[in-house]
Amino acid sequence: MSKNKSVANKQNLKEKFFSRDMKKIAQEKKDVRRNIITANTHFSVTEAYKAARTNIMFTTASEKGCKKIIITSSVAKEGKSTTSTNLAITFAQTGARTLIIEADLRRPKLHQYLNLPNETGMAEYLGGFIDDPHEIVQHIDAYNLDCITGGHIPPNPSELLISPAMEKMLEIFAEEYDYIFIDSPPVNVVTDPVSVAKLMTGAVIVVRQNYTTSESLRQAIAALEFGNIKILGYILNNSADMRDYTYNRYKYKYGYRYGGKQYSYRSSHSHYSSYSHSNKNQ
Ligand SMILES: Nc1ncnc2c1ncn2[C@@H]1O[C@H](COP(=O)(O)OP(=O)(O)OP(=O)(O)O)[C@@H](O)[C@H]1O
Ligand SMILES: [Mg+2]
């Protein structure tokens with residue numbers, strides 16, 4: 001083989017290798033967003049979120065002005081970020097001015113779920129590198145939704161989230177939005193959700209079927225109640241009893257595999273039940 005031919009071959013191989021890599025990265029990015037609702041999402045899933053939306057609207061109706069809702073759960077991976085993103089999208093669809101804020105500064109996910117750049121976000125504003133919080137708001141045309149991502153992972157997330165800048169930011173945005181959603185870390189793992197929830201209308205707790213234990217849920221409720229946080233309701237994520245769904249004579253079954261496990265997708269998304277503080281000791 002001539003020297004020229006072997007160089008061309010190598011070049012060819014290199015291009016193939018990297019284009020496969022780029023394809024893999026693009027696929028991984030798409031996979032990360034697979035549970036976020038789009039125009040193509042099965043209507044049974046979007047309907048479930050709409051039902052949750054109606055319930056949250058009723059539960060918060062007595063609050064005047066902007067409704068500020070924190071989404072949390074007892075432990076990791078119960079579906080907080082997925083639920084908060086999908087709820088924010090569903091609220092924005094009504095034309096309500098909606099903002100979603102990343103407050104899981106240790107493991108930020110919103111930028112991935114909403115496919116946004118994450119160069120500047122909460123960490124930069126709360127850390128004092130940006131004065132005007134409007135500068136970190138990103139608008140998503142497709143959803144008519146505003147989002148503040150986490151930014152770079154800071155060394156001191158808890159301190160940042162209880163800083164006066166956090167309070168100031170929420171005061172400013174409460175004048176400009178109808179609904180503000182905050183995605184947060186698990187309440188049994190860090191104290192951040194309780195500190196942030198004190199500035200909010202209330203908390204919605206995500207419970208994942210066949211995953212959340214009653215003990216960890218009890219512990220999460222106790223932590224929120226100890227902080228005097230109003231629990232607005234629960235979202236049952238990945239609930240199995242919605243696997244078969246009948247709607248207008250048609251029966252839908254919609255499932256797929258995730259992490260080696262079969263999930264009923266439509267399930268997931270929201271059996272919402274509201275919670276009254278008067279029941280808390282029952
Ligand atoms: N109903 C569901 N069906 C299938 N997969 C789901 C469902 N809900 C969430 N997931 C997947 O589970 C993983 C964790 O979800 P998500 O990031 O929303 O959880 P989280 O509670 O925010 O996690 P963390 O505690 O790490 O912030 C993601 O890969 C997400 O796509
Ligand atoms: Mg999360």
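Colleague: In which helix is the place of Tyr113?

Modeller: Helices are DSSP runs of H or I with at least four residues, strands are runs of E with at least two, and both are numbered from the N terminus. Tyr113 has its place in helix α4 (residues 110-113). This is a predicted model, in which local features need pLDDT of at least 70, side-chain atom pairs count only at pLDDT 80 or more, and totals for chains, interfaces and linings use all residues. Residues are numbered from 1 along each chain as its sequence is written, and side-chain values use heavy atoms, with hydrogens and water left out.

Colleague: Is Tyr113 buried or exposed?

Modeller: Buried means under 20% relative accessible area, exposed over 50%, and partly exposed in between (1.4 Å probe, protein chains only). Tyr113 is buried, because its relative accessible area is 15%.

Colleague: How many salt bridges are there?

Modeller: A salt bridge is a side-chain nitrogen of Lys or Arg within 4 Å of a carboxyl oxygen of Asp or Glu. The count comes to four salt bridges. One of them joins Arg97 and Asp178, with the closest N and O atoms 2.9 Å apart. Arg97 lies in the loop between α3 (80-92) and β2 (98-102) and Asp178 in the loop between α7 (164-174) and β5 (179-183), so the pair ties together parts that are 81 residues apart in sequence.

Colleague: Where do Arg218 and Glu215 lie?

Modeller: Both lie in helix α9 (residues 214-226), three residues apart, about one turn of the helix. Arg218 is exposed, at 52% relative accessible area, whereas Glu215 is partly exposed, at 45%.

Definitions and conventions:
Chains are lettered from A and ligands numbered from 1 in the order in which they are written.
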